[in-house]
Amino acid sequence: MLERAVEIVYNLRKPNSAMRPGVMLEAAVVEAYAACGEMYQAETELQRLLDNTHLPLSSIPAQPFNHLIIGYLHSGNGSKAIRTYTEMLRLGVKPNAHTFAVLMHSYAKARNIKNCMRAFNEMIRMEVAPNMVIYTIMIFAFRVVRQYERADTVYKHILQEQEWARAQVENRNLFMAGGNIPSSSPDILDMYATPSRFSQLDSASQLTESEHMRIRNFYNLDPVVYIVMLSLYRRSNRTMWALVTWERFMKNFPIVQWSPREGGVMSQTRHYTSRFHILAWTLVLRTVTKAVRVPLIFRIPYLHVRYFTDPEHSPEMRMRLDQRQQQKLNLAHLWKEFSGNNQIRYLRMKMKKRKRMVRGIETEIDRRLDVDFEFCLRQRLKQPLPDLNDQIRFSGYEYWMPESIDLSRLQVTQNGRLVHAALPIPTFKNRDRLSSPNLSASGEPESSMFTEKGRFIKPTTRDMAAILANQWRALENEQFKFNNIHVAVYLPTVLVGRQYEHLIHFLLQVQPRTIPKEAAGNAERPRVYTYKNIHIDVRTTHLLVGQMRVVCEVMLAERDRRVLLTALIGTNKKLSDTYQSESVYNGESIERTDDVLQVMQERLVIHSEREISWARELTELMYIARLWIPLIENRNKPELIEMMDMVSEVPYS
């Protein structure tokens with residue numbers, strides 16, 4: 001093909017030819033030879049162009065020189081590429097943005113950030129306006145050398161340029177060649193239009209040519225910019241920045257929905273997911289997965305236990321904990337109100353004493369668990385879940401109020417107890433909460449990323465998994481085309497993040513590998529599944545088995561503590577007598593003060609609440625396991641079935 005194209009140009013160069021090749025056609029010959037790696041011929045053709053042109057050398061475009069530079073850089077001959085650039089300047093040919101983009105990209109790939117910035121500064125000195133490609137190369141260069149803050153600065157500058165361009169379009173009434181500006185057009189396809197569609201400016205706009213170019217370059221950012229930034233945030237472990245960038249990316253490039261005319265073959269609404277959507281979403285998933293430490297758990301499974309220090313509370317239990325924290329704050333307020341600022345130190349001393357008693361009681365329980373483990377082992381399978389009724393309700397913090405305070409002076413007492421909800425005290429802030437907010441219940445995924453002051457939240461593992469699950473559900477509503485890579489990354493992330501509601505929602509939409517016999521004989525309309533041919537990695541199945549084991553163990557540990565505290569306090573006479581007869585601990589006849597008994601009662605309630613929350617989580621995991629079995633291969637089922645049988649022997653519901 002190259003020989004045929006060159007032959008056509010040679011025929012045009014003959015004296016008897018009716019047409020003469022122009023500068024752009026000669027530049028195309030240089031490009032053809034450079035693309036094929038024949039650099040000597042490309043340089044010869046460029047020299048022929050310079051010798052035979054009737055135009056001033058300064059009027060020759062930079063395009064043939066750019067092709068020659070690209071060819072030399074591709075062949076690894078950087079010195080000749082720089083020599084071509086120097087010769088270009090000597091002849092008076094002004095480089096364009098493409099020239100500097102080629103040089104900067106070459107330096108960026110070589111991790112030579114110093115020369116890359118020198119090329120950028122040279123570009124500014126020669127009054128060549130940077131475009132989107134230049135800024136993207138700069139972000140890529142800073143990412144390669146791990147200078148993430150500088151890359152983020154460039155990205156913020158791009159966003160400022162986009163805001164300026166859109167403000168100019170809205171204020172000066174710029175129009176596109178085929179209609180209105182994209183922001184006023186109802187057709188979503190306009191967002192994917194090329195920026196070169198901006199046509200004549202309105203006579204009242206009074207914009208210069210450089211400003212017009214800025215509008216065309218920055219009105220709609222290229223998807224590559226977002227993908228490079230997502231890759232950078234993944235590498236720098238900046239999860240929240242990646243999620244916000246994804247939100248901005250989806251607002252600029254949403255999923256295309258197309259509804260042809262009714263009655264046609266394609267009358268149904270179609271949703272199209274582009275390749276850059278798939279790539280960007282893959283980067284977001286892997287960023288969150290890395291932050292949740294799923295790859296590390298796959299390599300070192302025993303690290304899985306670190307994520308289960310606190311149970312996943314139900315909304316009712318979360319409200320209960322928040323009310324208790326409110327009571328604790330009310331205690332400090334009332335003490336200050338009645339005793340004054342000078343006496344507040346006594347409250348602190350008393351609460352420190354309470355904290356020491358809590359530590360001492362928990363230490364004693366640990367020792368008793370080591371000595372009387374056989375008693376706990378027998379009782380853990382006999383004792384049902386506790387019932388949080390009024391008999392074991394948390395007594396409240398008014399017990400720790402000084403006797404000199406007359407609670408009857410308050411109008412918020414009932415039956416000798418404080419009604420904390422009626423106290424005229426400001427509600428506590430989010431940082432005072434004992435339980436984390438339920439981000440999975442948020443309707444808008446982005447709303448869960450910021451505090452009231454507009455700052456990023458300090459995300460926990462569950463917070464990041466909740467935001468990711470909300471993003472997944474939002475994409476499901478837009479009929480995003482997920483692939484097996486997305487599923488393989490998403491499942492362990494929401495599992496480790498303990499987003500069981502979202503996981504159950506996903507598993508119910510997956511077509512099983514084997515259909516149960518009762519479902520196969522059902523004559524009703526077959527169910528339509530959203531996800532088909534899904535492959536669940538065996539490591540994810542092992543992760544589910546390990547998570548069920550850990551949750552079951554921590555639930556039983558809380559049950560052992562509850563049983564021992566119940567026996568020591570004496571609320572269950574039969575259990576207390578049994579423990580006294582079977583215990584081998586030397587300090588079972590210790591006399592305890594009222595303060596110690598009060599703390600033991602409080603710890604009993606707390607361990608009962610934690611046991612109930614762990615049991616609730618174990619129930620959800622058992623339901624997930626039942627949905628999981630039809631979706632995996634037969635060779636991976638025995639381990640999961642064995643774990644389900646083991647959990648079934650423990651009373652957890």
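A residue is termed buried when its relative accessible area is under 20%. By this criterion, helix α18 is mostly covered in the predicted model, since 13 of its 17 residues are buried. The length of α18 agrees with expectation: at 1.5 Å a residue, its 17 residues should span 24 Å, and the C-alpha atoms at its ends are 25 Å apart. Just after α18, Gln-479 adopts a positive phi of about 60°.

Helix α18, comprising residues 461–477, also contributes Trp-472 to an aromatic pair with Phe-482. The two rings are stacked, with 3.9 Å from centre to centre and 10° between their planes. Phe-482 belongs to the loop between α18 and α19 (484–496), and the pair links distant parts of the chain, its members being 10 residues apart. Trp-472 has a relative accessible area of 0% and is therefore buried. Phe-482, at 16%, is likewise counted as buried, because the limit for this class is under 20%.

In total, the structure holds 19 aromatic pairs. A further example is formed by Phe-249 and Phe-253, whose ring centres are 5.9 Å apart. The planes of these two rings meet at 40°, so the pair is classed as tilted, because stacked planes are under 30 degrees apart and edge-to-face planes over 60. Phe-249 is buried at 0% relative accessibility, and Phe-253 is buried with a relative accessible area of 4%. Phe-249, Phe-253, Trp-472 and Phe-482 belong to one aromatic cluster, which also includes Tyr-226, Trp-246, Phe-276 and Trp-281. Phe-480, Tyr-490, Phe-506 and Tyr-531 are likewise members of this cluster.

Aromatic rings also meet charged side chains. Arg-238 lies over the face of Trp-241, at 4.6 Å from the ring centre. In a second case, the charged end of Arg-539 sits over the ring of Phe-298, 4.3 Å from its centre.

The largest nonpolar core has 135 residues, and those with the most contacts inside it are Trp-281, Met-548 and Leu-640. Helix α22 (residues 538–569) gives the most to this core, with 10 residues. Beyond its neighbours within four places in sequence, Met-548 is in contact with Leu-618, Leu-621, Met-622 and Ala-625, as well as with Leu-640, Met-643, Met-644 and Val-647. A second, separate core has 19 residues, among them Cys-376, Leu-564, Leu-568 and Tyr-579.

Leu-283 is buried, with a relative accessible area of 11%. When its neighbours within four places in sequence are left aside, Leu-283 is in contact with Ile-227, Leu-230, Ser-231 and Arg-234. Leu-283 and Tyr-233 are 50 residues apart in sequence, yet their C-alpha atoms are 9.1 Å apart in space.

Cysteine residues were also examined. A search of the whole structure finds zero disulfides. Cys-116 is buried, with a relative accessible area of 0%, whereas Cys-36, at 48% relative accessibility, is partly exposed. Cys-36 is not classed as exposed because that class requires a value over 50%.

How values were computed. Residues are numbered from 1 along each chain as its sequence is written. This is a predicted model: local features need pLDDT of at least 70, side-chain atom pairs count only at pLDDT 80 or more; totals for chains, interfaces and linings use all residues. Side-chain values use heavy atoms; hydrogens and water are left out. A nonpolar core is a set of buried Ala, Val, Leu, Ile, Met, Phe, Trp, Tyr and Cys residues joined through side-chain atoms within 4.5 Å. Buried means under 20% relative accessible area, exposed over 50%, partly exposed in between (1.4 Å probe, protein chains only). Helices (H or I, at least four residues) and strands (E, at least two) are DSSP runs, numbered from the N terminus. Contact means heavy atoms within 4.5 Å. A disulfide is a pair of cysteine sulfur atoms within 2.5 Å. Rings of Phe, Tyr and Trp (its six-membered ring) pair if their centres lie within 6.5 Å; planes under 30 degrees apart count as stacked, over 60 as edge-to-face and the rest as tilted. A charge sits over a ring if NZ of Lys or CZ of Arg is within 6 Å of the ring centre and within 35 degrees of the ring normal. The expected span of a helix is 1.5 Å times one less than its number of residues.
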